[in-house]
Amino acid sequence: MSRERGGADHLRDEAARAARKAADQVYRAILARAPEQDIDPTLDRVRDVLELLGDPQRAFRCVHVTGTNGKTSTARMVERLLREHGLRTGRFTSPHMTRVTERISIDGEPISDERFVEVWNDVAPYIEMVDERHLAQGGQRLSFFEVFTVMAYAAFADAPVDVAVVEVGMGGRWDATNLVDAEVAVITPIAMDHERYLGHTLVEIASEKSGIVKDGATVVLAHQTDDVEGVVLAAAAERGARVVREDVDIAVVERQVAVGGQLVALRGLGGVYTDVFLPLYGEHQAHNALLALAATESLLTGGRALDGAVVEVAFADVTSPGRLEVVRSSPTVLVDGAHNPAGAEALVDAVEEAFEFTRLVGVVGVMADKDPEGILAALEPLLAEVVVTQASNPRAMDADDLAEVAVDVFGEDRVHVAARLPDAIDVAVQRAEGEAERGAGVLVTGSILLVAEARILLGRP
């Protein structure tokens, strides 16, 4: 019997390795396309493929999430709330932390390697047809992100899911995801980011992001500056959309730090939900939870109250990898995907509120198209020292170039350089432990891609 079980386990392991290898081959092929940050502002390529596939994006209801910070966490919360209400869910988010299959989840779980390959094989002939057509017209092939959007919608329709929660890749109006007729659009706080693609003012960025609002939809709007709010309200009025505004229609009533997260009271559209445990740190996550709650109320009941017990169970089970996540102890190592100044400021507030470090050393790497000075300036009051590094990605800012900026912000004595992330973490741990035996910590931040690499290095699944 034991030999039979051993043989069966061996066959399963072999099959899993073969599936993983095949999925990796597909991923490499898709990576050869234009990267997701290389924007060509048109929906034509994705629309053409989806039409050939029978418009799978029309086979399910949808909550569409845009904004500058908090999109992924909010999307994960919406999905968890919907799933706790017994609906079959799809979730499309980016980037991934460990495996590319994380981007497309069914019922809260990444699709399998086998299914990833099957979906690719299903859509690949149609993608090839559209590629050839657009190249013949002097255009481009589908980009990396466009292909993944097509795959997600095909996978969701085939599952089939009841509701998909879809996070935009960038912006909104021209984002590849924007061919869904989402009943609910969520707009998280809008700040400066991706200026090269979205515009150099908050008003311009807001105009792009409000492009996800569809006729007759409900817009769940986070607290914004007055000019940003005006842009969104105008877009909603033009499309006959209802707007649910934070601090007007909904609000975070109360919150207090708790072990492993926070306890919140949220005033949704249907009433106040009290004593809700959220296993995530930071005031910003309470506000993300509020948006998720209102989006779920809007979709499921048109704004009436949800069952409080169901809401409590769903929120207590929420996860958001790479968002102020503890990945190691002795010393404590935190990772957070803050990649713009607004995100870094929220991170600092959350760490100061939830942790009691006597000494915190940062490991920071940023992408070349970001605002390194703004990110470092936001982090400076929190960090005793900083080790600058870079992700193993061609978009990453060179560690030596980042060090020059860091010296201007921190002063030369507080800056160290280690181009390789493993070395940077080692230096940071030594600097933290060498000065304080108790209460020392390390924070890895500045880029979601850097955080993803750090999580793998430190053994997080």
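Visitor: Which residues lie nearest the centre of the second largest pocket, and how many line it?

Guide: In this predicted model, 34 residues line the second largest pocket, and Arg 76, Arg 91, Thr 319, Ser 320 and Pro 321 lie nearest its centre. The volume of this pocket is about 720 Å³.

Visitor: What makes a residue part of the lining?

Guide: A lining residue has an atom within 4 Å of a point of the pocket. By element, α3 (71-84), β4 (109-110) and β12 (325-328) each supply at least two such residues. The largest share, 5 residues, comes from α3.

Visitor: And what is the lining like by class?

Guide: There are 15 charged, 11 nonpolar and 8 polar residues in the lining of the second largest pocket.

Visitor: Let's turn to the sheet with the order β9-β10-β11: why are β9 and β11 said to stand at its edges?

Guide: This is an open sheet of 3 strands with antiparallel pairing. β9 (251-258) and β11 (272-278) each have a single partner strand, so one side of each is left without a neighbour in the sheet. From one strand to the next, the twist averages 15 degrees.

Visitor: How do you know that β9 and β10 count as paired?

Guide: Pairing requires at least two bridges between two strands. Here 7 bridges join β9 to β10 (residues 261-267), therefore the two count as a pair. They run antiparallel, and Ala 251 stands opposite Arg 267 in β10.

Visitor: Which helix packs on this sheet?

Guide: That is α9 (residues 283-301), which touches β9, β10 and β11. The direction of α9 makes about 45 degrees with that of β10.

Visitor: Now the aromatic rings: why is the pair of Phe 60 and Tyr 153 called tilted?

Guide: The structure holds 8 aromatic pairs, and Phe 60 with Tyr 153 is one of them. Their centres are 6.1 Å apart, and the limit for a pair is 6.5 Å, so they qualify.

Methods. Residues are numbered from 1 along each chain as its sequence is written. This is a predicted model: local features need pLDDT of at least 70, side-chain atom pairs count only at pLDDT 80 or more; totals for chains, interfaces and linings use all residues. Side-chain values use heavy atoms; hydrogens and water are left out. On a 1 Å grid over the protein atoms alone, a cavity is a set of points where a 1.4 Å probe fits but cannot get out, and a pocket is an open set with protein on both sides within 12 Å along at least five of seven lines; lining residues have an atom within 4 Å of a point. Grid points are joined across faces, edges and corners, and a volume is the space filled by probe spheres set on the points. Helices (H or I, at least four residues) and strands (E, at least two) are DSSP runs, numbered from the N terminus. Ala, Val, Leu, Ile, Met, Phe, Trp, Tyr, Cys and Pro count as nonpolar, Asp, Glu, Lys and Arg as charged, and the others, Gly among them, as polar. Axes are lines fitted to C-alpha atoms, for helices over the stretch in contact, and angles run from 0 to 180 degrees between N-to-C directions. Contact means heavy atoms within 4.5 Å. Rings of Phe, Tyr and Trp (its six-membered ring) pair if their centres lie within 6.5 Å; planes under 30 degrees apart count as stacked, over 60 as edge-to-face and the rest as tilted.
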